[in-house]
Amino acid sequence: MDVFVYGTLTEPERVASVVDAYAFLGSAVLSGLHPVQGEYPTLAPGGETGGRLLRTDDIDALDAYEG
C-alpha cells in the first residue's frame with residue numbers, strides 16, 4: 001500500500017525502526033492541509049504539506065506508531 005508520510009516518517013532510519021519492509025517512492029505534496037506543531041504534530045485545513053510516498057504492507061505498524 002502507498003501512504004503519504006511527513007515529519008519523522010520521512011526519515012529512513014525511523015521508518016526502518018517501525019516496519020519490516022518499505023520503499024520510498026519519491027517526494028509528494030499534500031494539498032489542502034498544513035502542518036500544525038504542538039505536543040503531537042498534526043494537519044489542519046488549508047495550505048499544503050511536503051512529505052514522501054511510502055510503500056509498505058505493514059500499515060498496522062504505522063498505525064501503532066502514530067497512536
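Me: How many aromatic pairs does the structure hold?

Reply: This is a predicted model, in which local features need pLDDT of at least 70 and side-chain atom pairs count only at pLDDT 80 or more, whereas totals for chains, interfaces and linings use all residues. Residues are numbered from 1 along each chain as its sequence is written, and side-chain values use heavy atoms, with hydrogens and water left out. Rings of Phe, Tyr and Trp (its six-membered ring) pair if their centres lie within 6.5 Å; planes under 30 degrees apart count as stacked, over 60 as edge-to-face and the rest as tilted. The number of aromatic pairs held by the structure is 2.

Me: Is the aromatic pair of F4 and Y6 stacked or edge-to-face?

Reply: The ring centres of F4 and Y6 are 6.5 Å apart, with 20° between the planes. F4 has a relative accessible area of 23% and is partly exposed (buried means under 20% relative accessible area, exposed over 50%, partly exposed in between, with a 1.4 Å probe and protein chains only). Y6, at 25%, also counts as partly exposed. The pair formed by F4 and Y6 is stacked.

Me: What is the angle between the planes of Y22 and F24?

Reply: Y22 is partly exposed, with a relative accessible area of 30%. Y22 and F24 form an edge-to-face pair at 5.5 Å centre to centre, and the angle between their planes is 75°.

Me: Which residue has its charged end over the ring of F24?

Reply: A charge sits over a ring if NZ of Lys or CZ of Arg is within 6 Å of the ring centre and within 35 degrees of the ring normal. Over F24, the charged end lies 3.7 Å from the ring centre, and the residue is R52.

Me: Which element gives the largest share of the lining of the largest pocket?

Reply: On a 1 Å grid over the protein atoms alone, a pocket is an open set of points where a 1.4 Å probe fits, with protein on both sides within 12 Å along at least five of seven lines; lining residues have an atom within 4 Å of a point. The largest pocket is lined by 18 residues, with Y6, L9, P41, Y65 and E66 nearest its centre. Two or more lining residues come from each of β1 (2-5) and α2 (59-66), where helices (H or I, at least four residues) and strands (E, at least two) are DSSP runs numbered from the N terminus. The largest share, 5 residues, comes from α2.

Me: Is L9 buried or exposed?

Reply: L9 is found in the loop between β1 and α1 (12-18). Its C-alpha atom is separated by 9.7 Å from that of Y65, 56 residues apart along the chain. At 4% relative accessibility, L9 counts as buried.

Me: How many Å apart in space are E48 and L33, C-alpha to C-alpha?

Reply: E48 is found in strand β3 (residues 42-55). At 53% relative accessibility, E48 counts as exposed. E48 and L33 are 15 residues apart in sequence, and their C-alpha separation in space is 5.0 Å.

Me: What separation do the C-alpha atoms of A64 and V18 have?

Reply: A64 is found in helix α2. Its relative accessible area is 62%, so A64 is exposed. A64 and V18 are 46 residues apart along the chain, and their C-alpha atoms are separated by 8.9 Å.
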